[in-house]
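Please look over the sequence and the model together before reading on. The paragraphs below are meant to be followed with both in view.

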Amino acid sequence: MSEKTVFNYFAIKESLVLDLGETTLISLRDTLADPDLSPVEAVLEILSGQLAGLTSWLTAQDDWAQARVVLLRFGTLIGSTPSLRAYQRDMTDRQVTVAAEILARRTGMSPDNPEPQIAAAALLALWPFQFQALCRHLPHARTSEELHDEVSADVGRAAQFIDAGLSSFASARRSL
């Protein structure tokens with residue numbers, strides 16, 4: 001495959017490695033805007049789908065131990081590569097902006113108000129938290145199902161904490 005062909009699909013080289021950013025943006029636009037879901041429920045739905053995809057990949061691998069090593073190396077690669085960290089931060093900023101716009105629409109606020117901005121930042125903090133939980137549980141999990149359950153439990157606890165703070169967000173518009 002030629003370089004030109006590759007860049008028809010990936011705008012920059014970092015997006016070859018960190019390809020979930022755009023998918024997450026699309027998911028945020030669709031799922032977070034759903035009025036039948038609370039913001040936390042919407043984000044948990046997206047995260048659960050991404051974790052299920054990852055654990056399905058693990059299940060499909062012939063060598064569980066080697067697959068775990070590959071995932072841990074991937075985390076190390078991101079953490080040790082300045083251009084990947086910068087790309088990831090830029091993508092997170094874009095995701096926070098999109099989430100703040102959606103949350104503002106849901107409450108009739110301006111996206112520039114502090115409430116949708118901080119709510120969006122808190123919700124997007126669940127992505128690196130899920131990855132950290134994955135890295136923490138990966139060396140000890142015996143199966144992909146066990147890994148999925150342990151990571152989901154940690155993310156669920158973190159989401160409950162955020163949800164407690166966001167419960168006041170819904171009533172913030174009424175007090176302005």
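Residues are numbered from 1 along each chain as its sequence is written, and side-chain values use heavy atoms, with hydrogens and water left out.

The mean pLDDT of the protein chain (pLDDT being the predictor's confidence in each residue, from 0 to 100) is 86, and 85% of the residues reach 70 or more. Over residues 3-10 the pLDDT is below 50, and this stretch has 7 contacts in the model beyond near neighbours in sequence, a contact meaning heavy atoms within 4.5 Å. Residues 12-18 also have pLDDT below 50, with 18 contacts beyond near neighbours in sequence. Where pLDDT is low, the predicted coordinates should not be read in detail.

The protein chain has 9 helices and 0 strands, where helices (H or I, at least four residues) and strands (E, at least two) are DSSP runs, numbered from the N terminus. Among contacts between residues at least 6 apart in sequence, 66% join residues at least 24 apart. Buried residues make up 39% of the 176 residues in the protein chain; buried means under 20% relative accessible area, exposed over 50%, and partly exposed in between, with a 1.4 Å probe and protein chains only. The accessible surface of the protein chain, computed by the Shrake-Rupley method with a 1.4 Å probe, comes to about 10,100 Å², of which 56% belongs to carbon and sulfur atoms.

Helix α4 covers residues 39-60, and its 22 residues should span 32 Å at 1.5 Å a residue, which agrees with its end C-alpha atoms being 32 Å apart; the expected span is 1.5 Å times one less than the number of residues. The buried residues of α4 include Val43, Ile46, Leu47, Gln50 and Leu51. An α-helix has 3.6 residues a turn, so residues three or four places apart point the same way.

What does Gln130 touch, not counting residues up to four places away in sequence? Gln130 lies in helix α8 (residues 126-137) and touches Leu47, Leu51, Val151 and Val155. Gln130 is buried, with a relative accessible area of 10%. Asp149, by contrast, is exposed, with a relative accessible area of 53%, and has its place in helix α9 (residues 144-175). Asp149 and Leu51 are 98 residues apart in sequence, while their C-alpha atoms are 10.0 Å apart in space.

Terms used. This is a predicted model: local features need pLDDT of at least 70, side-chain atom pairs count only at pLDDT 80 or more; totals for chains, interfaces and linings use all residues.
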